[in-house]
Amino acid sequence: MGPREVERSAMTQTTPEAPARRQRAQVKVRTLRTDRWWLVPLVTFLGLSSFLVYGVWAIIDTSNFVEPYIAPFAAPCLTTQEVCEGARLFGWAPVGDWYALPPGLLILGLPGGFRLTCYYYRKSYYRSFWLSPAACAVQEPHGKYTGETRFPLIIQNIHRYFFYFAVVIGAILTYDAVLAVVHKPLGLGSWILVLNAVLILGYTFGCHSCRHITAGRLNHFSRHPLRYRAWTFVSKLNAKHQPLAWASMFSVMGADLYVRLVAKGIIAFPYA
Amino acid sequence: MSYKAKFKVWRGEGGEGRLEDFTVEVNEGEVVLDIIHRLQATQAPDLAVRWNCKAGKCGSCSMEINGKPRLGCMTRMSTFSEDETITVTPMRTFPVIKDLVNDVSYNYQKAREVPSFTPPADVRPGEFRMKQVDVERSQEFRKCIECFMCNNICHVIRDHEENKPNFSGPRFLMRIAELDMHPYDVADRQETAQEEHGLGYCNITKCCTEVCPEHIKITDNALIPMKERVVDRKYDPLVWLGNKIFKRSS
Ligand code: SF4
Ligand code: SF4
Ligand code: FES
Ligand code: FES
């Protein structure tokens, strides 16, 4: 027993003799908070919903390419469909003619799953959609609660596999952005894609699973100096994971919309 | 500069009680605990409140002020406007003894259930060799003053009394993470964190981090890393396979 434990057991020896107390203070309201605690969940709800709505539209919309820009939601296009002629990676189309649904459906499950199982997004939608809890010290409306202990939420534990795919997707978006800059260094779209790629990479490498894989799982940092350095870097990004989650979510929507508007000819100026 | 502030303080024994109204003098520089003491001295001599250090270091004066868990001794009156009514109640998650004093024995019970530091049998005291970077992570968790506000705000037990037997609360899940990250601890913490201490109940909504008066990043630095370690142990087929192969070849 360490000194702390000794201290603790001495402290607690008195409790068995004390009368059993089971009653909490009866406070009959859901919360006594007086601030605007509902504001953050409300804004979060609207922000995440707008992303979902935009995502559905982007999957259906077909103007996803205009030389040299590829809309991030469509990259890489894996089908032989004409609509994504330019959005293929090295002209590669592993999915054949039989596939007739929107091409975006094939790829969006991966970044979508990455965000859906992300520790930060989990927090944000548990709070804003499921109200569990909507805000701290605000009683949740559900009678029973088992958290992530059982199906379906126990599946959140596969997050790291989405992280592996997310690294690949981050690399593809970076490649697309670099190509755009090479082909059109003065195009506003090129730099929008670059900014988006940077934010996406910042978000991806700040992932808690990434932090765990680099060195979080080790107990002896000093025996693994390189991994420890990587962990220190990832930890810095990780501390900014929430702002990066929002920034990269809006940048990917913004960049995607921009490319589509250029492709549709709605945005048209020499350096577009 | 002093003014009269309106207070509502929960008074009662056991669970029975109500909010009582007070109008009380407030002077510049005072904290909520000072006002509670003034009430004791002037209007409510039997008002029960627990406190010790008045310096935010003993963790005794946890209470809920305007619905939020706070240390009474660290909550300045200047954070409220003069016409605001300030509501003070005991912590909601634990039984109440009298007025603002909670019975926090749930926490001591949970503390006892975490096996203490377990070094390898063949390392004798004096033979431990660790570098600063090896213990840095756990040092953050040692800043804990055991105010139990994190366990109090955690909705897993705050809103669901029935989860108490299965959930140790952020304070003790963090203690488990501290020991699991310790270079010389050999006890199995990962399996028990999930199966006995209820790590899976935590949905990482971070209220514990929001209330911690020591600003410990409980969720980011203890609970999520611990969840990832549990994934290694229980849910990741690749790690499982890797461990098998590695053990066989070594
Ligand atoms: S992050 Fe987890 S442990 Fe902390 S308050 Fe929320 S549910 Fe409870
Ligand atoms: S972790 Fe923070 S909130 Fe929880 S008991 Fe310790 S000091 Fe209090
Ligand atoms: S991407 Fe957010 S935690 Fe992994
Ligand atoms: S009296 Fe010690 S923390 Fe407030």
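Guide: Start with strand S5 of chain B, residues 85-89, in which 4 of the 5 residues are buried, so the strand is largely enclosed by the rest of the structure. Buried here means under 20% relative accessible area, exposed over 50% and partly exposed in between (1.4 Å probe, protein chains only). This is a predicted model, in which local features need pLDDT of at least 70 and side-chain atom pairs pLDDT 80 or more, while totals for chains, interfaces and linings use all residues. Residues are numbered from 1 along each chain as written, chains are lettered from A and ligands numbered from 1 in written order, and side-chain values use heavy atoms, without hydrogens or water.

S5(B) pairs with strand S1 of chain B, residues 3-13, in the parallel sense, over 4 bridges; pairing takes at least two DSSP bridges. In this pairing, B:Phe7 stands opposite B:Ile86 of S5(B). Strand S3 of chain B, residues 62-65, also pairs with S5(B), but in the antiparallel sense and over 2 bridges. There B:Ile65 stands opposite B:Val88 of S5(B).

Further along chain B is the shell of ligand 1, made up of residues with a heavy atom within 4 Å. Among them are B:Cys154, B:His155, B:Pro170, B:Cys202, B:Lys206, B:Cys207, B:Cys208 and B:Leu223. Two helices of chain B give two or more residues each to this shell: H8 (207-211) and H9 (218-235). Helices are DSSP runs of at least four residues (H or I), strands of at least two (E).

B:Cys207, part of the shell of ligand 1, is also one end of a disulfide, with A:Cys136 at the other and 2.2 Å from S to S. That pair crosses between chains, from A:Cys136 in the loop between helices H4 (119-128) and H5 (159-183) of chain A to B:Cys207 in helix H8 of chain B. A search of the whole structure finds 1 disulfide over all chains, taking sulfur atoms within 2.5 Å. The torsion about its S-S bond is about -90°, so the disulfide is left-handed. Both ends are enclosed: A:Cys136 is buried at 2% relative accessibility, and B:Cys207 is buried at 5%.

Chain B also surrounds ligand 2, with B:Cys144, B:Cys147, B:Cys150, B:Arg171, B:Cys212 and B:Ile218 among the residues of that shell. Of these cysteines, B:Cys144 is buried at 15% relative accessible area, and B:Cys150 is buried at 9%.
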